[in-house]
Amino acid sequence: SIYFFILIGFIAKKLFSELNEKSFVIISVYFLQPFLTLWGLTLKPIDFNAIKAPIIYLVIIFISLIFTYLLSKTLSYKDRSIATITALVGNTGNLGIPLSLALWGDVGAFWATILNLINVLFVYSIGAFFYAGKFNIQIAKKVFKIPIIWTALIAIFINYSKFNITPLNQMLQMGAYSSMVIQLIIFGIYTANIKIKTIPIKLSIIVSFEKFIIIPIIGYMVLKFLNIDDTLAKIILLEVSVPIAVNNVNLAALFDNQPEVVAWLIILSSILFIPYFIVIY
């Protein structure tokens with residue numbers, strides 16, 4: 001079903017080239033994804049004692065960020081931000097949660113959901129600055145206008161205060177499902193814009209190397225050093241290794257930073273993840 005909606009976006013762009021893909025991105029980021037955030041973070045009580053996994057996850061990501069930033073220096077200016085941030089933002093939601101559920105049951109799903117929240121906050125805060133390609137007041141204003149960050153904080157407050165929003169559940173669910181569908185369609189639209197002849201080979205190699213070599217090795221070393229429970233360690237290692245998230249396309253489009261190239265990198269990482277997953281797990 002996931003690939004079906006991606007195919008709809010691909011066919012729509014091929015048949016109607018006048019489609020304005022950035023309009024879809026704006027609707028998704030500013031209007032529908034807040035529904036997904038509110039719905040997802042108010043479904044079940046959040047265990048605020050369970051903060052060790054997100055902290056470890058962020059430690060791995062920030063250490064990896066140092067290496068991805070250094071590797072990006074070997075690329076042209078326009079590719080540097082993509083090489084720095086893209087591999088760090090994995091598909092912890094659509095892929096990470098169901099895989100963790102399949103491998104480790106409810107325990108896996110619980111930890112994967114917590115890690116997905118941190119991943120979303122990371123990509124729409126720090127990740128947004130990198131996709132913008134610079135740090136200044138104007139960019140900061142644009143980043144902080146993205147409602148997902150504030151919606152997540154509101155959702156956490158609602159969850160913690162046990163405020164009853166049951167009458168809104170159906171509306172939130174409709175918005176959340178709409179957000180998932182339009183996100184996949186957006187990915188399909190940008191996939192249709194990919195031109196094989198212009199695929200950046202060097203960038204593709206570097207991002208793939210970061211995604212499946214650098215980040216997993218750093219993750220493994222951090223987890224070994226901290227002597228984490230074996231099951232939790234495997235869950236965290238999986239979550240930092242899943243393919244690149246489709247959300248990357250949103251930010252690349254919002255900041256006019258080669259969304260078609262990012263779409264290609266998502267496809268490539270999804271293909272490479274299959275043999276990686278078979279070998280590792």
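The exercises below work through a predicted model of a single chain, each with a solution.

Residues are numbered from 1 along each chain as its sequence is written. Local features need pLDDT of at least 70, side-chain atom pairs count only at pLDDT 80 or more, totals for chains, interfaces and linings use all residues, and side-chain values use heavy atoms, with hydrogens and water left out.

**Exercise 1. Overall fold**

Task: State how many helices and strands the chain has, and compare its radius of gyration with that of a compact globule.

Solution: 
- Step 1. Count the elements. The chain has 13 helices and 0 strands. Helices (H or I, at least four residues) and strands (E, at least two) are DSSP runs, numbered from the N terminus.
- Step 2. Take the radius of gyration over C-alpha atoms; the globule rule is 2.2 Å times the number of residues to the power 0.38. For 281 residues a compact globule would have a value near 19 Å, and the chain has 18 Å, which agrees.
- Step 3. Along the principal axes, the C-alpha atoms fill roughly 50 × 45 × 40 Å.
- Step 4. Check the contacts (heavy atoms within 4.5 Å). Of those with a separation of 6 or more, 84% join residues 24 or more positions apart.

**Exercise 2. Surface and charge**

Task: Find what share of the residues is buried, and how far apart the mean positions of the positive and negative charges are.

Solution: 
- Step 1. Apply the cut-offs: buried is under 20% relative accessible area, exposed over 50%, partly exposed in between (1.4 Å probe, protein chains only). Of the 281 residues, 53% count as buried.
- Step 2. Count charges: Lys and Arg are positive, Asp and Glu negative, with His and the chain ends not counted. Place each at NZ of Lys, CZ of Arg, CG of Asp or CD of Glu. The mean positions of the 19 positive and 11 negative charges are 8 Å apart.

**Exercise 3. The cores**

Task: Identify the residues that touch the most other members of the largest nonpolar core.

Solution: 
- Step 1. Define the set: buried Ala, Val, Leu, Ile, Met, Phe, Trp, Tyr and Cys residues joined through side-chain atoms within 4.5 Å.
- Step 2. The largest such core has 82 residues; Tyr124, Leu251 and Phe255 touch the most other members. Helix H13 (residues 259-280) gives the largest share, 10 residues.
- Step 3. Follow Phe255. Beyond four places in sequence, its partners are Ala128, Tyr131, Ala132, Ile139, Lys142 and Val143.
- Step 4. Look for another core. A second, separate one of 10 residues includes Leu38, Trp39, Leu41 and Ile165.
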